[in-house]
Amino acid sequence: MSDLDATGLQRLPLHDLHVELGGKMVPFAGYEMPVQYAPGVMKEHLHTRTAAGLFDVSHMGQVILRPRGTIADLCAAFEAMMPVDVLGLAPGRQRYGLFTNDQGGILDDLMFANRGDHLFVVVNAACKVVDVAHMTSAMPGVEVVAVTDRALLALQGPGAEAALERHLPGVAAMRFMDQAVIGDAWVSRSGYTGEDGYEVSVPVAAAEAFARKLLAEPGVMPIGLGARDSLRLEAGLCLYGHDIDETTSPVEAGLTWAIQKARRAGGAREGGFPGAARILRELAEGPERLRVGLRPDGRAPMREGTELFAADGTPLGTVTSGGFGPSVNAPIAMGYVARHFAATGTALEGEVRGKRQPVTVADLPFQPTTYKR
């Protein structure tokens with residue numbers, strides 16, 4: 001999957017292509033990753049929103065789960081690891097999931113697909129070694145296989161469908177969260193930009209030729225980590241290790257949409273997952289704090305770590321992600337505040353370079369999503 005460079009960082013299968021394309025390589029989650037190309041973060045971001053951007057996300061963990069018994073046994077075992085309905089996921093469909101710990105915190109967020117006789121899981125790069133060990137330990141009746149011979153590319157934006165359909169016929173008929181195997185490509189219609197798009201897993205040996213074909217399509221350009229971050233922030237999507245972590249519950253994080261009725265109080269399979277006592281209690285009573293969108297006044301961004309206060313100086317929480325939103329042409333942020341200060345329109349203050357600056361609680365997402373439902 002990857003080679004080590006002189007600094008001990010792993011290299012992506014498409015490393016040489018990124019360098020050829022002028023990618024500025026930086027360390028990220030143990031890998032050398034392109035943070036931007038010659039056009040820069042702003043232009044790459046706006047291009048993805050108006051045309052199509054190609055992202056190399058091969059650093060993420062791809063995992064196959066195969067049952068030693070039935071697929072229902074596998075789904076039940078996987079479901080016991082998180083507050084998500086796995087047994088109800090139809091073949092050919094994908095779902096967002098969350099591994100939780102006994103305290104109700106989030107160990108990682110992930111995507112998983114029902115492939116008929118097995119599950120395909122994609123986990124975050126920084127967590128993948130721990131996640132594989134966690135799944136292996138928690139599911140002794142399941143074969144857990146870390147996939148190391150495939151690259152993972154994301155094609156995002158309004159031009160993604162037409163570009164990919166020319167190379168993988170059939171993808172245009174897919175809907176948001178569909179998952180399909182087309183030849184040697186594993187395709188899902190999803191992505192972490194808020195735009196319609198796809199993630200495509202291909203064998204490493206075929207990855208460069210496939211990427212070059214997509215980049216030759218009209219309107220497709222390579223996009224780095226910088227724009228990936230600003231795109232997901234505008235879409236109000238969490239970044240693991242920043243907006244969510246082992247101390248954050250799914251309810252605090254505003255991820256209750258990911259907890260289906262079957263796993264909630266009164267549901268067919270209520271509880272039975274790590275941290276259920278806290279999570280079900282917070283669903284019923286509300287958490288002490290909530291993740292909110294934030295709109296700083298003026299043009300200066302409020303970055304991660306900015307402390308948030310009420311108008312009377314009471315500490316309320318912290319910014320977890322912040323920067324400039326190119327599509328909304330304004331600084332935007334997300335963070336956690338005490339629940340009673342989480343209503344849209346609440347006026348707060350953030351401390352920037354020792355001075356308190358006005359910031360207002362805002363609705364998420366900042367930019368409307370365009371998923372193909």
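1. A search of the whole structure, a predicted model, finds 5 aromatic pairs. Rings of Phe, Tyr and Trp (its six-membered ring) pair if their centres lie within 6.5 Å; planes under 30 degrees apart count as stacked, over 60 as edge-to-face and the rest as tilted.

2. Phe 176 and Tyr 371 are stacked, because their ring centres are 4.1 Å apart and their planes are at 10 degrees. The pair links distant parts of the chain, 195 residues apart: Phe 176 is in the loop between helix H5 (160-165) and strand E12 (179-182), and Tyr 371 is in the segment after strand E21 (355-362). Helices (H or I, at least four residues) and strands (E, at least two) are DSSP runs, numbered from the N terminus.

3. Phe 176 is buried at 15% relative accessible area, and Tyr 371 is buried at 16%. Buried means under 20%, exposed over 50% and partly exposed in between (1.4 Å probe, protein chains only).

4. Phe 78, Phe 99 and Phe 112 form one aromatic cluster.

5. Arg 115 lies over the face of Trp 186, 4.3 Å from the ring centre. Arg 356 lies over the face of Phe 309, at 3.6 Å. The rule requires NZ of Lys or CZ of Arg within 6 Å of the ring centre and within 35 degrees of the ring normal.

6. Residues are numbered from 1 along each chain as its sequence is written. Local features need pLDDT of at least 70, side-chain atom pairs count only at pLDDT 80 or more, totals for chains, interfaces and linings use all residues, and side-chain values use heavy atoms, with hydrogens and water left out.
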